[in-house]
Amino acid sequence: MNTGNWTAGASMPATRMRRNRRAEWARRLVRETQLSTDDLIWPIFVQEGDTAREPVPTMPGVDRLSVTEAVRAAEKAAALGIPVIAVFPNTPPSLRDAGGTESFNPDNLTCRAIRAIKKEVPEIGVMADVALDPYTDHGHDGVLIDGRIANDESIEVLVRQALVQAAAGCDIIAPSDMMDGRVGAIRTALEAQMYSDTQIMAYSAKYASCFYGPFRDAVGSSATLSGDKKTYQMDFANSDEALREVALDIAEGADMVMVKPGMPYLDIVCRVKETFRVPTFAYQVSGEYSMMAHAMAAGILDRERALIEMLTAFRRAGCDGVLTYFAPELAEMLG
Ligand code: PBG
């Protein structure tokens with residue numbers, strides 16, 4: 001990177017790096033990264049029943065919403081110019097089982113929320129996860145057989161889940177389960193069922209992370225989760241492996257790829273973007289949200305400055321967009 005020529009010119013006083021920083025207009029002129037509301041995806045949580053909203057205790061400022069309230073949220077997002085809303089269900093415990101069968105019920109909470117949003121706010125994009133954890137009584141993303149998460153058996157269920165979501169009107173199917181071969185299987189099934197326009201945003205480099213803790217509270221899977229997800233989610237010590245995962249998902253038919261978590265994994269985002277040059281996203285996950293929300297609430301971080309710096313860092317690393325629970329607040333700031 002650092003060429004001889006480059007350093008040769010870098011001496012004082014010919015080069016004074018501070019010249020381009022001396023005033024706000026000069027800094028604006030040379031700014032490399034621009035922010036826009038177009039870069040935001042807003043994840044929301046939905047729950048059954050008429051209670052409009054119920055706080056998620058580990059995510060200050062985030063509530064679970066009724067389907068009706070989720071439609072209001074989508075209206076708000078559309079008015080703010082947020083392009084996509086992502087729906088995550090808190091399935092009632094009575095509907096969770098070992099095989100995650102509620103995931104492919106065409107009238108499950110997710111499908112009802114997707115249909116309601118697409119009906120009343122057709123201009124917004126709707127995204128939904130494909131993974132079984134909100135539907136299984138053991139909290140895993142796949143089917144548990146003899147104590148193992150069975151890859152191929154899980155894919156059969158995940159394909160059915162993807163199809164009911166596509167039928168409900170979901171624009172972006174987001175496989176977050178990390179089973180091998182799931183993107184290809186879902187793409188083949190979508191094509192066979194005439195859903196050839198349905199996009200896939202693959203959670204390609206999804207790491208086994210403690211930063212998902214508050215999300216699992218929000219969808220109600222923390223209490224039930226047995227063991228960890230290390231046999232399917234990636235080891236956070238690895239980086240080359242993320243490139244293999246991304247390459248596979250692109251080859252299998254993903255339109256967009258994602259790295260998750262976000263801020264501690266921007267090195268991965270950078271490598272993925274530089275290597276593949278495809279639409280690349282990151283998920284600023286629940287634990288990251290909660291850290292920032294607590295620090296801001298305590299007056300330790302300035303809200304506006306922290307959020308703008310955070311989003312800039314994602315974009316600078318190579319993200320085309322970011323999934324963040326701060327999306328509406330950021331959209332308001334970006335005007
Ligand atoms: C489901 C899923 C998870 C998240 C998104 N989809 C949790 C997990 O894999 O355990 C985490 C999102 C967040 O923490 O905000 N597979």
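Which residues are exposed on the other side of H11? They are Arg305, Glu309 and Arg316, where exposed means over 50% relative accessible area, buried under 20%, and partly exposed in between (1.4 Å probe, protein chains only).

This is a predicted model, with local features needing pLDDT of at least 70, side-chain atom pairs counting only at pLDDT 80 or more, and totals for chains, interfaces and linings using all residues. Residues are numbered from 1 along each chain as its sequence is written, and side-chain values use heavy atoms, leaving out hydrogens and water.

Back to H11. Helices (H or I, at least four residues) and strands (E, at least two) are DSSP runs, numbered from the N terminus. The buried set in H11 is Ala306, Leu307, Met310, Leu311, Ala313, Phe314 and Ala317. These cover an arc of only 150 degrees around the axis, which puts them on the same side of H11; the arc is that of the directions from the helix axis to the C-beta atoms. Among the elements covering them are strand S1 (40-47) and helix H12 (327-334).

Now for S1, where eight of the eight residues are buried. Leu40, Trp42, Ile44 and Val46 point one way, while Ile41, Pro43, Phe45 and Gln47 point the other. Strands count as paired if DSSP finds at least two bridges between them.

| Partner | Sense | Bridges |
|---|---|---|
| S12 | parallel | two bridges |
| S4 (residues 84-90) | parallel | seven bridges |
| S3 (residues 63-65) | parallel | two bridges |

Phe45 sits opposite Phe88 in S4, and Arg64 is its bridge partner in S3. Leu40, meanwhile, faces Val322 in S12.

Terms used
Contact = heavy atoms within 4.5 Å.
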